[in-house]
Amino acid sequence: MSKEKPVELKFPLECHFRVIAVNEGNIHGAIESVVKNLGIKAPVSKANTSAKGKYGSFNISTTVESRESMNRIDRELRRIQGVRMVM
């Protein structure tokens with residue numbers, strides 16, 4: 001079994017996040033609030049809704065300056081109640 005070398009990221013880079021969340025309440029507003037508090041000026045765009053309407057996905061694209069910054073955005077998005085996955 002070969003060990004693969006981790007991908008080396010060169011910062012700053014454009015990072016795209018997709019958030020999958022329960023489609024209830026004001027989840028879009030909650031995501032926008034967290035994004036704003038992180039200092040991200042890019043809009044949060046609604047992407048898709050599941051066939052039964054239970055889940056929605058949202059896209060966020062922003063420039064990140066470091067791996068720590070990228071991880072912090074990911075971590076804060078995952079803390080939102082109703083968020084099921086961040087990719």
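# Sheet pairing, helices and core of the chain

Strands β1 and β4 run antiparallel and are joined by three bridges; two strands count as paired if DSSP finds at least two bridges between them. Helices (H or I, at least four residues) and strands (E, at least two) are DSSP runs, numbered from the N terminus. The model is predicted, so local features need pLDDT of at least 70 and side-chain atom pairs count only at pLDDT 80 or more, while totals for chains, interfaces and linings use all residues. Residues are numbered from 1 along each chain as its sequence is written, and side-chain values use heavy atoms, with hydrogens and water left out.

The chain contains two helices and four strands, and their order along the sequence is β-α-β-β-α-β. Its C-alpha trace spans about 45 × 35 × 20 Å along the principal axes. The accessible surface (Shrake-Rupley method, 1.4 Å probe, with only the protein chains shown counting as cover for residues) comes to about 6300 Å², and carbon and sulfur atoms hold 50% of it. Of the 87 residues, 31% count as buried, where buried means under 20% relative accessible area, exposed over 50% and partly exposed in between (1.4 Å probe, protein chains only).

The strand pairing can be followed from β1. Ahead of this strand, in the segment that precedes it, lies Pro12. The peptide bond between Phe11 and Pro12 is cis, with omega about 0°. β1 pairs with β3 in the antiparallel sense through 10 bridges. Along this pairing, Glu14 is opposite Thr63 of β3, and His16 has Ser61 of β3 as its bridge partner.

Another residue of β3 is Thr62, which counts as buried because its relative accessibility is 12%. Leaving out residues up to four places away in sequence, Thr62 touches Leu13, Glu14, Cys15, Phe17, Ile40 and Ile73.

Next come the helices. In α1, the residues Ile27, Gly29, Ile31, Val34 and Val35 are buried. The buried residues of α1 pack against β1, β3 and α2. After α1 comes Gly39, with a positive phi near 85°.

Helix α2 has 12 residues and extends 17 Å from its first C-alpha to its last, close to the 16 Å expected at 1.5 Å a residue; the expected span is 1.5 Å times one less than the number of residues. Its buried residues include Met70, Ile73 and Leu77. Viewed down the axis of α2, the buried residues fall within an arc of 60°, so they line one face of the helix; the arc is that of the directions from the helix axis to the C-beta atoms. An α-helix has 3.6 residues a turn, so residues three or four places apart point the same way. The buried residues of α2 pack against β1, α1, β3 and β4. Arg75 is also placed in α2, and it counts as partly exposed because its relative accessibility is 38%. From Arg75 to Val86 the distance is 8.8 Å, C-alpha to C-alpha, across 11 residues of sequence.

These elements meet in a nonpolar core, that is, a set of buried Ala, Val, Leu, Ile, Met, Phe, Trp, Tyr and Cys residues joined through side-chain atoms within 4.5 Å. The largest such core has 21 residues, and Phe17, Val19, Ile31, Ile60 and Leu77 have the most contacts inside it. At least two of its residues come from each of β1 (13–22), α1 (27–37), β3 (55–64), α2 (67–78) and β4 (83–86). β1 gives the largest share, five residues. Leu77 shows how the parts come together: apart from neighbours within four places in sequence, Leu77 is in contact with Phe17, Val19, Ile31, Val34, Val35, Ile60, Val83 and Val86.

Conventions
Contact = heavy atoms within 4.5 Å.
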